[in-house]
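User: I would like to go through this structure with you. Could we begin with the terms and then turn to the details?

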Amino acid sequence: MKIFTKPLLAACAIAMTLPAAKGANYAWPEKYEGVMLQGFYWDSYTDTKWTNLEAQADELSQNFKLIWIPNSGYCGGGNNMGYMPQYWFTNHNSSFGSETELRKMINTFKEKGTGIIADVVVNHRVGTSNWTNFPVEKWNGQTWQIGPEGICSTDEVAGQSGQARPTGAPDTGDDFNGARDLDHTNANVQNNVKNYCKCLLEDFGYAGFRYDMVKGYGGQYTKIYNEYSKPTYSVGEYWDASYDAVAAWIEATGKQSAAFDFPGKYAINDAFASNDMTKLVWKANGTTDQPAGMIHFGYAQYAVTFVDNHDTYRDGNKFNGNIVAANAFILCSPGTPCVFLPHWKAYKTAIKQLIAVRNAVGVNNTSAVKVLKSSNNCYMAEVTGTKGTLVVKIGSAMDSPAGYTTSDIKASGTDYCVWSKTGVSIDPDPTPTPTPGETFTLYFNNANSNWTTPYIHYWGGEESTWPGVAMTKVEGNVWKYTVPAETTGCLFNAGDGDATKTGDFVAIANHIYSVNGDEGVYGGGDEEDPRPGPVVTLPSKFYIIGNLAVSDGQWDTMNVVEFTPDGNSMVAKNVELVAPEAGATSSYFSFITTTGADWDAVNGADRYGAVTKDAPVTAGTPVEFKVFPVNVSASSAYSWAIAPGKYDFNADFATMKLTVTPAGSSAIDAAVAEEAEATPVYYNLQGMKVENPTPGLYIVVRGAKVTKERIR
């Protein structure tokens with residue numbers, strides 16, 4: 001939680017839901033293999049409301065065993081993140097949804113094996129109508145209330161006229177100047193907190209707790225609350241870069257709670273900011289290389305590792321570097337990794353693959369790890385799981401671990417690579433490995449680079465001459481090139497020398513790459529055809545933003561028009577665009593995947609726009625659109641210009657092209673009909689064009705549409 005500017009007032013947490021180990025009373029299981037998701041970010045009221053999260057339960061539960069959500073208690077009117085709590089027991093109608101929707105979401109995820117973690121804010125509290133009048137609540141046959149005797153005597157309300165005078169003991173931790181600091185030495189406060197925690201577990205069905213701002217009160221009180229309520233998972237937000245300080249807090253809880261690995265987070269920040277991967281390593285006892293942070297020296301079981309959270313993401317502690325490589329570090333290390341929602345949304349394919357490797361190897365929070373190499377351009381470590389081993393390499397060095405081959409590579413991208421040896425299949429449809437003497441094909445997704453012609457530079461046996469070889473367009477934004485059998489590495493560029501290029505990749509047959517990394521097998525695959533065509537993933541929400549009539553011609557992140565899915569497209573009809581000012585001949589628009597109260601919320605999600613700034617749009621003529629990186633500045637996410645009027649919009653994600661037509665015209669339907677009548681072009685399952693197809697299974701291209709059809 002972070003309301004004011006003091007760095008220590010942040011919130012980052014998570015916890016999990018599986019049976020505790022027999023005989024253990026610890027609030028984090030030993031050898032735990034699950035991965036967590038922080039299911040929100042600041043001001044994500046629309047994007048992460050309870051109904052939206054529940055709608056994603058199938059996909060999220062396949063990848064995450066815990067999802068941490070904001071404090072769900074009522075905290076007053078208007079939008080708020082829940083860190084100024086009022087109600088604990090009886091009113092859980094929050095800015096993210098109603099109590100009914102909350103309970104339904106928790107139950108849906110529970111049925112799919114994923115636990116929801118409550119954000120427990122008990123360091124401080126606010127009154128309902130003045131500074132100190134906390135509500136009277138009834139639960140489990142008892143009345144619960146805290147009066148002035150439960151407020152620390154050192155709280156700033158003591159000097160305020162017209163307010164009750166606090167009579168509690170002095171604060172046992174850091175002061176919070178935004179609400180009343182509760183006196184955790186007080187027996188009534190302890191009884192209220194203990195039963196509030198019990199209510200969250202037994203009544204609402206939460207799996208465990210994320211304790212907010214635990215620097216505000218002694219760690220021994222978290223021990224008291226957990227021993228009473230008995231969560232399986234508990235993690236505290238002890239925001240401090242010091243290993244010793246975080247370890248001391250864990251010990252103060254009697255190891256009844258895990259802690260977020262802030263020392264590890266700052267090490268990751270430093271390593272990528274300085275391009276020095278040696279900072280990912282700390283020396284245990286001053287001699288033995290171990291991963292940085294809390295995941296060595298006996299605390300790996302209690303370490304919840306992360307790259308960013310809702311607080312760090314919006315202040316000076318934000319991670320600025322290779323997001324997928326940083327997530328590869330935490331997902332391929334001991335501890336319990338916590339993935340941040342904006343990272344998941346922006347790099348879902350790559351993060352899914354890393355989670356799949358971790359699960360297949362059986363990496364858990366206490367897995368043994370051996371650092372194999374530590375240099376400025378290479379962190380390499382081997383981790384032993386319950387089902388095998390993996391090696392992760394972070395950095396630009398093209399090093400390979402001894403005893404592993406190219407066929408052991410299970411995930412790779414710019415400045416990261418993961419090898420594994422396991423008897424468990426990581427991909428239910430693994431890509432065929434070329435036999436000696438065979439060539440194989442590599443693909444490139446040009447959607448986010450928009451190069452005129454992508455080039456591939458490859459090496460390993462025969463090496464291409466820089467800048468490489470021009471690729472051939474397959475369809476939409478997908479390009480391909482067939483490389484020699486001995487090829488081991490590649491990169492892609494715009495054919496303009498060193499000016500515009502990707503990082504280095506391990507060359508894996510039939511994989512598709514982009515400026516964001518290795519996107520996995522081209523097309524996803526099924527039993528008959530591992531490469532049927534490009535994967536088309538529609539955003540769950542898609543809105544037009546710009547000079548809309550609904551916002552009086554001005555840009556407004558709350559006044560948007562929502563699209564509806566239609567096949568591979570997102571469609572909006574009868575949208576009115578108006579002149580931004582008197583006399584203007586053009587209005588402007590782009591697309592977003594979330595709404596919010598300000599630009600920070602919008603820029604924290606995907607933005608889609610024009611390839612060039614203020615590109616003109618002609619009604620009926622398709623134009624390319626592209627996705628801009630998360631948190632790009634508003635002025636850098638290009639818009640289109642069009643004459644004011646009412647229009648229908650069709651954003652085709654198979655071709656990444658936008659068609660705008662006058663509202664009510666039949667142009668879109670006519671284009672679809674024309675495409676249906678287009679002359680079909682047949683390809684075999686290896687992507688080779690077939691002029692006279694015989695009976696069998698083929699990839700059929702009609703205009704911009706791709707289908708898989710059997711000729712009998």
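Analyst: Helices (H or I, at least four residues) and strands (E, at least two) are DSSP runs, numbered from the N terminus. This is a predicted model, in which local features need pLDDT of at least 70, side-chain atom pairs count only at pLDDT 80 or more, and totals for chains, interfaces and linings use all residues. Residues are numbered from 1 along each chain as its sequence is written, and side-chain values use heavy atoms, with hydrogens and water left out.

User: How many cavities of 30 Å³ or more does a search of the whole structure find?

Analyst: The search finds two. On a 1 Å grid over the protein atoms alone, a cavity is a set of points where a 1.4 Å probe fits but cannot get out, and lining residues have an atom within 4 Å of a point. Grid points are joined across faces, edges and corners, and a volume is the space filled by probe spheres set on the points.

User: What is the volume of the largest cavity, and which elements each supply at least two residues of its lining?

Analyst: Its volume is about 70 Å³. The elements are α10 (348-361), β18 (409-413) and β28 (517-521). Among the lining residues are Thr 349, Lys 410, His 511 and Asp 518.

User: How do those lining residues divide by class?

Analyst: The lining of the largest cavity has three nonpolar, five polar and three charged residues. Here Ala, Val, Leu, Ile, Met, Phe, Trp, Tyr, Cys and Pro count as nonpolar, Asp, Glu, Lys and Arg as charged, and the others, Gly among them, as polar.

User: And the second largest cavity, what is its volume?

Analyst: That volume is about 40 Å³. The lining includes Asp 261, Lys 265, Phe 306 and Ile 330. Helix α7 gives the largest share, three residues. By class, six residues of this lining are nonpolar, two polar and two charged.

User: Changing topic, why is strand β25 largely enclosed by the rest of the structure?

Analyst: Five of the five residues of β25 (residues 489-493) are buried, so the strand is largely enclosed. Buried means under 20% relative accessible area (1.4 Å probe, protein chains only). Gly 489, Leu 491 and Asn 493 point one way, while Cys 490 and Phe 492 point the other way.

User: Which strand is joined to β25 by five bridges?

Analyst: That is β21 (residues 455-459), which runs antiparallel to β25. Two strands pair if DSSP finds at least two bridges between them. Tyr 458 has Cys 490 as its bridge partner in β25.

User: Where is the bridge partner of Cys 490 in β26?

Analyst: The partner there is Phe 505. Strands β25 and β26 (residues 505-506) pair in the antiparallel sense over two bridges.

Note on methods:
Buried < 20%, exposed > 50% of the residue type's maximum accessible area, 1.4 Å probe, protein only. 1 Å grid on protein atoms, 1.4 Å probe; cavity = no way out; pocket = protein on both sides within 12 Å on 5 of 7 lines; lining within 4 Å.
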